[in-house]
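Subject: Structure handover and notes

Hello,

Here is the structure for your files, with my notes below it. Please read them with the model open.

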Amino acid sequence: MLAAAVFALFQQAGHLASFVQPSGEQLGARTFADADGDGDVDLYMATLHENGKRYIDIHYQHQGTVFSSVADEHIEISPAVVSWNVADFLQDEGEPGCEILMLASRGAYVRNAEGRPQLLTRAVMLLDMPSSSDLPLWNGMEDIDNDGKPELALVTAAGYLIVDHEGEQLGRIDLKIGTDRPPVASGNYLGGLIRTTISSQVLAGLFLPNEDLGVIARPPALFSDKSLPAPIWVDANGDGRLDLSYLRGADLYLHMQDEQGNLPEEPSQTIELPNTEDSDFEQVEWVDLGGGPAADLLLVRSSADVLRQTRPWQARVFLDFAQSEDIDESDVFLKVDATFLWVYFFDLDADGQRDICLSSWALDLGFIGRNAPKVDHKVSAFLSANDTWGTRAAFTWSRTFQVDDVDQLISMDTFVDDLTGDGQPNFLERSKAGSLEIRRFVSTGHGVSVAEDVAAEIPVSALKAAVEVIHLNDDGIGDFIVKRDSKLEIHLSYRR
Amino acid sequence: MIASLMVAACLQASSSDPVPMDLGVQVQHLAVAGLDDSRIGHLLSIEQRTIKLLEGGDVPGIKMEGSATLWTLADLNGDGTDEFVVLVDGQSLHKLQMTDGSLSFSEPIASGLSGLPPRGCNPGDFLYDLNGDGHPDLSLPVGDSIHLWMGNGEGFVEGPNLGALSTLDLKTGDGLMSSVSRRLVVPRLNPEDVSGDGRPDLVVNDGSSVRQYVSTAGGFPAEPTRTLDLTRFRADISNLKVDLGNLTHSVKYLVQDKWADLDGDGDLDVMILADGMVRVFLGDADGVDLSKGKPPLKVRGNVFYIYAARIDKDDIPDLVLVRVEDLGVGTLLKAALFSWEINFDFLVFRGRGDGRFETRVFRERKATLQGDSLLSVYKDEKDQFSELRRKIVRMADSDGDGERTDLVTLDSDGTLQVWLDLVSDESVLHGAIEKFLQQTLSGDGNLDVDISTLTQWTLGRTSAMTSVAEGIKPDIKMKLADWSEPHAMTVRDFDGDSREEILALRLFAPEEGAKRLVGFKIRL
């Protein structure tokens, strides 16, 4: 029944591969939840079939070791459904396992055990049109009050509507909908990889009909664009309940959940993030780094000057952000000169507090571009000590790649959860042979560094692949997913 | 009230001098529509859902109903004047009319349509003649699909469902920097006579297939007359390798189709560039037939552009190919940041007149484009693009013969120029490209093409149209007083004499008081 193979010999842990065969074209939306009520999370995956219909396939997980290679359930989704997710909505009604949440243009529905849509709540949604070739996953769903049941932040044509698992309203936040004018011209190159647009003038749409000849092609017959910032759940004030946040421009809005589980219509707090005209926000994320129970905020900015091989980046972390009285001073402030930077937080030295991990890429074209181009991947970490973080890197590790030699495009994180079974995070790097090397972090007496030995390798022989480390079974060891071309592999961990 | 009177006075003026106008307000949209049996165009303002008659004195405004409403202008009765038409909830079409001194909507002129337009109240271009019978047809958005309803002067009859042609982008947001958004772009359909019978046909390309709806006396067929599966020509993607040392190699995986009458029989044939080959398939009365293929022409190198143009002396279209040297990501990165030099080859293969091309190159010319940092060039070009978006180009019918043959341009400094009877129709755009290629490929030696020329050639429908007027003295040239941008211009018959007038408006922001629209009306 299952196509499985023992894979990657780690010292304390192994991983067993399940080769999932999608029943149609993968639509890129997938999630894991317990479908059959056996305690394991199962794979839910949106697919598009040649008959033009969209389906959600469910592949069961079996005893925490493998997933079914072919779908155990193959659920046709109504053409009216715009987006979806999965949670246990009907536990009070005694239905085992999770149910599929389906959002349509005028309401949210839950698919019950008989396969029928059960109305959760009526609302005029911002996403008002279903796509015939897409079925995105709806985010904005969390258990915000720790009752074990999901709550939803729905994005409607008027703002946000917060409802509980039975559809009861917990809050309503009215917001001005963002709109955009049709561009003067837009181009789509290399299959959508590169998109360019030239924006239009303020009065471009004053006269109707639009008699413009267009630049590349005639103006569209109809253009309609509506948007709102994504609602993000976070415990901003550290009271154990999740609050609602969203970012508009440089302003971060917070609506704090009260003891009754309701959210206020007006923001409880509005905080302007440090911002300058000559820099761009690159990473704005709620994180858990230290301080009290309130969420911390990571803010990464880069210089807007793109006419350089590398440019200055700044990474700041504000502990207990919403409770800070002064955000001019951050608790962490790091500067890096790079082409690209990504920031992670892991406890590398096992002291119980997360450390700051940087992964930066620097393009080197040599003197005025006369040498062969190369990219330096530099990895470093700044260790914690009582809610302060050193400004000197505990280690720096780097690898140089000749750009012309790159023959695979792999999307992955550099710092990942434990894959080797020792409870410590691991380091993931592309090898020059085309696979992924997994390394440990080792103690050096007064810090940590990257182990010289490769603990294990993940062969990724594909033109384009994405590797994601995630916990799918309950052994505490990280599992990983490899998506290569149209195939999906799930590697579940086991202890030796 | 004062503004309304000023508008009314201006619209009735007949002087050829610019007549100042002051709308007194800034509005979201303006439209010129007939509201009664006269052919007079009334200036309407549209703000959200409310329509107001600008020259209507105290006539109360009217609200458009529905939760998903589209509105447009279309000449429903063929009298030369557009009516204001509203599509309510994708179900029924209504016409705006003036009865007993007040605005109202007509009884449905079509109903039971089952469309699914975007929510809100949006302007669109969904009523225009597709089959050439003079009656507007309805391109009904149903999600990301388009369903046609054919107008016959008395109503609408169901036509073909063209399938998913619109671009619908849905974002569900997954972080503080992301958004939840829906963007719908419905393309305008451009009928052309594929079969050579004089009737417009529809050719719709969704990227993987080309569906041909060849019209007959009975109209468009419900199903495509023929479908070209473009994926069968694409190079085997499983052999695709990431080669950052030669990115341009990947152009062989693209599929490009160009339509032209290659054998002179009156119907359109197709040239398909894919997998290092140019294939030709001939058309007949039912459109292009993939069983009527000609021996493919194998092309070497990174060919990324094909075009059919008359380059030699005869009247038979020749094949023009443009190929680019091997370019690696390193070269491109250097080009982006430092300086660059990229070599192109233009190759011409003479057409034989039967759909085939000679296999020997008739003419070959090299072009070397070079310059400083591409990113800085891009910044400079952005200024050109900015200029492009600030310049307004319109076609006009100043003599009232029903054909828009005059070219009107308005620059951001208020320079208005009019060339009367300059262009016959939009086919001049094809002519402009052909003219560019003829000029470019004549003579010997390497080509002298700069990045600006190439950009305008590849991107410039508007610039192609204006290039027709290059070197020709405009018939009318004037400078509109105190002009600035943002600005807008329309060409419409305001007074019902069949001759169109120009209405140019700009946004005026006084030091005190609200912004308002001011400008001029100019009779040609």
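Strand 11 (residues 107–111) and strand 12 (residues 117–122) of chain A are paired antiparallel through five bridges. Strands are DSSP runs of E with at least two residues, helices are runs of H or I with at least four, and both are numbered from the N terminus. Two strands count as paired if DSSP finds at least two bridges between them. R111(A) has P117(A) in strand 12 of chain A as its bridge partner. Five residues lie between the two strands of this hairpin, and G115(A) has a positive phi near 85° there.

Before the rest, the conventions. This is a predicted model, in which local features need pLDDT of at least 70 and side-chain atom pairs count only at pLDDT 80 or more, while totals for chains, interfaces and linings use all residues. Residues are numbered from 1 along each chain as its sequence is written, chains are lettered from A and ligands numbered from 1 in the order in which they are written, and side-chain values use heavy atoms, with hydrogens and water left out.

Sheets

Chain A has an open antiparallel sheet of four strands, in the order 22-23-24-25. Its edges are strand 22 (232–234) and strand 25 (269–272) of chain A, each of which pairs on one side only. From one strand to the next the twist averages 30°, with axes fitted as lines to C-alpha atoms and angles running from 0 to 180 degrees between N-to-C directions. Four bridges connect strand 24 (residues 251–255) of chain A with strand 25 of chain A in the antiparallel sense. Within strand 25 of chain A, E272(A) is opposite D251(A).

Another open sheet takes strands from both chains: five of them, with mixed pairing, in the order 20(A)-2(B)-3(B)-4(B)-5(B). Strand 20 (207–208) of chain A and strand 5 (62–63) of chain B each have a single partner strand, so one side of each has no neighbour in the sheet. Strand 4 (residues 50–53) of chain B runs antiparallel to strand 5 of chain B, and two bridges join them. I51(B) is bridged to I62(B) in strand 5 of chain B.

Aromatic and charged side chains

Over all chains there are 19 aromatic pairs; rings of Phe, Tyr and Trp (its six-membered ring) pair if their centres lie within 6.5 Å, and planes under 30 degrees apart count as stacked, over 60 as edge-to-face and the rest as tilted. One of the pairs is Y344(A) with F415(A), tilted, at 5.5 Å centre to centre and 45° between the planes. Y344(A) is in strand 30 (residues 340–346) and F415(A) in strand 35 (residues 415–416) of chain A, so this pair ties together parts 71 residues apart in sequence.

F395(A) and F441(A) are both buried. Ring pairs join Y344(A), F395(A), W397(A), F415(A), F427(A) and F441(A) in a cluster.

In chain B, R188(B) lies over the face of Y128(B), 4.1 Å from the ring centre. A charge sits over a ring if NZ of Lys or CZ of Arg is within 6 Å of the ring centre and within 35 degrees of the ring normal.

Chain B overall

Chain B has six helices and 35 strands. Of its 524 residues, 54% are buried.

Regards

Note on methods. Buried < 20%, exposed > 50% of the residue type's maximum accessible area, 1.4 Å probe, protein only.
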